[in-house]
Amino acid sequence: MTNSWTDIKNTDLVVVMGGNAAEAHPCGFKWVTEAKANRGARLIVVDPRFTRTASVADYYAPIRPGSDIAFLMGLINWMIQNDKVQWDYVKAFTNAAFIVKDEFGWSDGLFTGYDPEKRDYDKSSWDYVIGEDGFAQVDMTLEHPRCVWNLLREHVSRYTPELVEQVCGTPSDRFLKIAEMIGECSAPDKTMTSMYALGWTQHAKGSQNIRGMAMLQLILGNIGVRGGGMNALRGHSNIQGLTDIGLMSNLIPGYLNIPTEKEPDWQTYMSSRSFTPLRPGQTSYWQNYPKFMVSFMKAMWGDAAKAENDWAYHYLPKLDVPTYDILRMFELMDAGQVNIYFCQGFNPLLSFPNRAKLTSALSKLKLLVVMDPLATETAHFWENHGEHNDVDTASIQTEVLELPSSCFAEDDGALVNSGRWLQWHWSAATPPGQARHDTWIMAQIFLRVKKLYQDEGGVFPDPILNLTWDYADPDEPTPEELAKELNGRALEDVRDPADPAKVLTAKGKQLLNFSQYRDDGTTMGACWIYSGCWNEDGNNMARRDNADPDETGAYPNWTFSWPLNRRILYNRASADLQGQPWDPSRKLLEWDGEKWTGYDVPDIAPTAKPGDVGPFIMNQEGVSRLFSRGMMRDGPFPTHMEPFESPLANVFNPQMRGNPVARVFVGDAEQFATSEEFPIAATSYRLTEHFHYWTKHNRINAALQPEFFVEISEELAAEKGIRRGGWVRVWSKRGEVKAKALVTGRLKPMQCGDKLVHVIGIPLHWGFMGAARKGFGPNSLTPFVGDANVETPEFKAFLVNIEPATGEAVS
Amino acid sequence: MTTDPNLDSPRTAVSNPPVQPMQANLGPGDVVRASATPDLPPPTRELTPVAKLIDVSKCIGCKACQSACAEWNDTYPEIEQNVGLYENPHDLTPDMFTLMRFSEYENPQTGDFEWLIRKDGCMHCADPGCLKACPAPGAIVQYSNGIVDFIHENCIGCGYCVTGCPFNIPRISQKTHVSYKCTLCSDRVAVGQGPACAKACPTQAIVFGTKEDMLAHAEARVDDLKSRGYDNAGIYDPQGVGGTHVFYVLHHADQPSLYSDLPEEPRISPVVEGWKGVTKTLGLAAIGAAAIGSVLHGLMTRANKVSTEDETHAEQLVEGREPPVPPGREVL
Amino acid sequence: MAKRMFSEAGDHIESRRPVTVSRYRGITRLNHWVTAASLIALLLSGLALFHPSLYFLTGLFGGGQMTRWLHPFVGVLLFFSFLLLFLQMWRLNLPRPEDRTWVSHIGEVVRGEEEKLPELGKYNAGQKFVFWAMSVLIVVLIVSGVMIWQEYFPHLVSIAVRRWAVLVHAVAAVAIILTFILHVYAAIWTRGTIRAMTRGTVTGGWAWRHHRKWLREVAGREGGGPAE
């Protein structure tokens, strides 16, 4: 989230698209009802199904799964055609005026530089024209034909309401009504918020879906303002924390990168991370990268990381592929190239695509270690549960160890919510039976591995032997100790660069925040963005002051919001070029002639003059990007791409399948179906009664939605002879499930051009463990392919077939 | 708004409740009506009437209320089958005092599809049909704050409350043979907390407070709905049962039956009124009269005795001698 | 074989001096008393649930829950018990022309003046009324009772029908209680009647006085009485 949950109450218009906030985030959704009840805000829902969110919406429109980019580009086109643009904002705070290289272009659904052999783009043309002064060239009049604005205008001009109707199946009157409602928010005193979740991310072009809406929000001037923003609703209470802390194979905490094998030494690694400003006077905050990186290395290896050895850079692994994401891990596993797999706190047998492949992959492991509070399907993948897990147990040789861990209510620590709030919580119970905290388990494993290295040596023992492990009880680091380490500490006196006599933080004390991080080895800190969470003021995450001066929704003294307790990112953009709020009634920051004042911690230096420094300080340009240069693998503008399994051919290029640069493993490509074989579009989601796969183990949740079902339209039911509450068989090219049929008017066939597309909905939750009835999950059906940029699996759009089935499922 | 421990009942379920232990303040002295108890002593004080407002236009059907209800009341609803509906359990049960009911509606005026979700449960009528029908003294009580509660140790499980209720709410357990329904969390309200469902409701579609405050809040909600084109938005606080202490804001207040058959004009059935009214009184009177009449007849008239003459005649008859036929008596 | 128009096969002259006439066999008497006991239990338990002032009667049955549990089972017992009685008695309870005369002299009946009444068979019109009233009401009560038998038939009928069922059950119960009072009182007031259901016999005088045709037929069957 750029904003916070509580800020949603400030909005005038909520657009829920690519998510189902009421269903999946009912507690956060209260802020939508607040906005509706107290501000008269309107709510728009665009979804293939008439969802629970739609049930309280002011306006609903259906959309075919996987066609969101066309809808969003259609909206941008409509805004430009109808002059619903917040011009001052667009000119000052976006890269609309930047001149793009002449070589850049788009045709037949593809941008320049596509190499079908490599399934990748040569992105060199996707960039600005850089002048002799080293800065990007701009034309503030927006008249230059190669400026971003004119390129964007041309790019989206194809997305007429008619094309939107043809591609998305959204009736054009519904589309136009929504465009009008959204267009009103181009006024400086009207804001719109976008609430999205896995409905946008779980596509092979998920990142581009989100880009599309972000661009629309920029054009409307809705980023950085109260009641605006791009608000990703995270699917777990701490999934934001997972991302922040870098629990991905290519990340280091705080969105730093694991080196690749093309970066064998520190100098090479840092040379591509200079982040020099592309416009004069801009902050380009990533210029501080070395400070964050060195402090991280000091946190990891202490005295063993020093200037002379490039901060122990050689300790870091070097990636030979872009990522070892879970899809790749299971691909390798299935190819017999993985021996041991540690599975901590997730249940991949149900939560990753193509379950048959997952079972096959797990069966090839030598050892599977599952750390989880619950008995998961993954840990029991080898058990035969009849049709619900029909495996040949005798043929599976994988040894499985289950290490019971504690639940969230059984330990202290911080959960990071979607709004970037680090909320400390206290354990309410002790873990039952043999369950132990994850930290204890990890410490035991580490200490034993370390002992093996000490006793027996090894090829490269240094990173293990030198790892900082200065916890009071080495057997179990406490959450407090870990939190302090994330915040960072002064290893020597930290002095004010402007006045070296002045000690800002004395040696051994907690750093105030990341502004005190140093790249000379005098500070340590494991996650720069979290710095400030536990400084000498104490545990700021444990703050519980619910005072909210002037009811702005900021709640500044409630817990800690990264970065720097900032509640709304890019908040400088809430004020115009003179530093006055776009909407005085929704003031966030204001330039008082000398400094920025207001309700939030400003992005830019508090004394940076309004006209000088752009709000988007993380970008080298100082402004936001309508044109994202080479930052994304699949294009600097979003372009319509069909799902890999789609009932329709791509309207721009019938030969193009899915996302042309998404990674597809050979065996999986063969398992993609065509609409001739599998004519029905399907999508998956979770239900509000459940929390992923966990609540199967809870009687009450199980009772509230007891049995696996699929949702189908009355029309499809009539066509296939399916009756309400009867059994159906649903199958894809990869597997099949048996479910109860929930026949509903909430799903309707969509007319896409001359094709009538039926959509069925497949909820997730059920498996073969726990209190709920045994059932299946959508992942028995879904294709093994992920987003081109971040490898989130394409769970939201695939093809199936359906027929009535008879007989009782084995339960 | 924080609950003042001196207030007779909480004013909201949303604010933080008192954390200090409180003396329960709903006691026998607050009972204004009790089933089958005609000679109930008058209450020792008058509590402020409370109400739970269910704003269906804010409800997202998440079932948090159901979950909180089962948790608080420690009930164990069955893990049933899916029968092609979102209602689970499929109906109110002795273990599920509240239920989200879902109905799909194609609005002919707007052409829009609507998914109308209503939280069903006891309405806590001012004139409770269950209480009227109940034969067990003190099994159903009404407190002066409006809460209608079942006192399970007095319940005999006869099911009369089922016939008395205009909303089809009470459910008799086949295990304990006692009737169950929403208590409006009388045990929470008694110690300054709001009902569990209202506490759990994420969108504040369920709010709790004094009836007066809730009505005012409801009026504001109706205005908001009217501004969104729901011209017939309104409050459902049916006067046929004297108003209710659980009431609704509906977008289509002119058609309550759209919401999973919410009764259009609920009232205690005249049949039940007749049964518990005139039948009860007249019946007992008739029985009494017959009994007394019999006794009086017995006292005031001579018993019908067999005379020795009769015996003689019988002997004559048995011996084959026809006794004289008395005058005026024919042999047929 | 003599005709049996006014008597049962088992009715016979028990002794001749004094005359006693066997009116009810042992099995019939047992049947009657089971029925009577059931009815009394039902009456007490039913009244307990009918009016708050009589709720204390549940104490006789072990409390409200027990009363609620017991009442319908006793109802079923009554139904079947009465069914047996019905099968034994229905024939002689069919209306006859003399019943009309008897009813037209009801004032004399109540005063105990039977001189002007017609000779009657085994049952007079009042007894027949009790018999048929009981028959009809028991059917009504069992049917309506099953409809409201919460424990076993909670979903047998809709709530709307159930409301009618409780009302009908209550009204029928009042009616059967009134009938019961009439029956008991008449048995007491008409002296010599009760022994018919205790000892099984009545005196010849009683039979002569109240059911002379019956006596004639029984006596005649035994060769004592004159042929008619």
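How many residues does the contact take from chain A and from chain B? In this predicted model, the contact takes 36 residues from chain A and 32 residues from chain B.

**The side of chain A that touches chain B**

Four elements of chain A each supply at least two residues of the side that touches chain B: helix H2 (30-39), helix H3 (52-55), helix H21 (699-704) and strand S29 (736-744). By class, this side of chain A comprises 18 nonpolar, eight polar and 10 charged residues.

**Domains within chain A**

The domain assignment of chain A gives domain 1, covering 6-235, and domain 2, covering 666-804. Between the C-alpha centres of these two domains of chain A the distance is 28 Å. Contact between the domains involves 23 residues of domain 1 of chain A and 29 residues of domain 2 of chain A. On the side of domain 1 of chain A that touches domain 2 of chain A, two or more residues come from each of helix H1 (21-24), helix H7 (161-168), helix H9 (198-201) and helix H10 (206-219) of chain A.

The table sets out the residue classes of the two sides.

**Annotated span**

An unreviewed UniProt entry lists residues 1-381 of chain A as "domain: Molybdopterin oxidoreductase". In the model, this span of chain A is 35% helix and 12% strand, and its end C-alpha atoms lie 36 Å apart.

How values were computed. Residues numbered from 1 in each chain as written. Chains lettered and ligands numbered in written order. Predicted model: local features only at pLDDT ≥ 70, side-chain atom pairs only at ≥ 80, totals over all residues. UniProt positions renumbered as here; feature names shortened; annotations may be inferred. Domains from an automatic or database assignment. Contact = placed C-beta atoms within 7 Å. Nonpolar A, V, L, I, M, F, W, Y, C, P; charged D, E, K, R; others polar.
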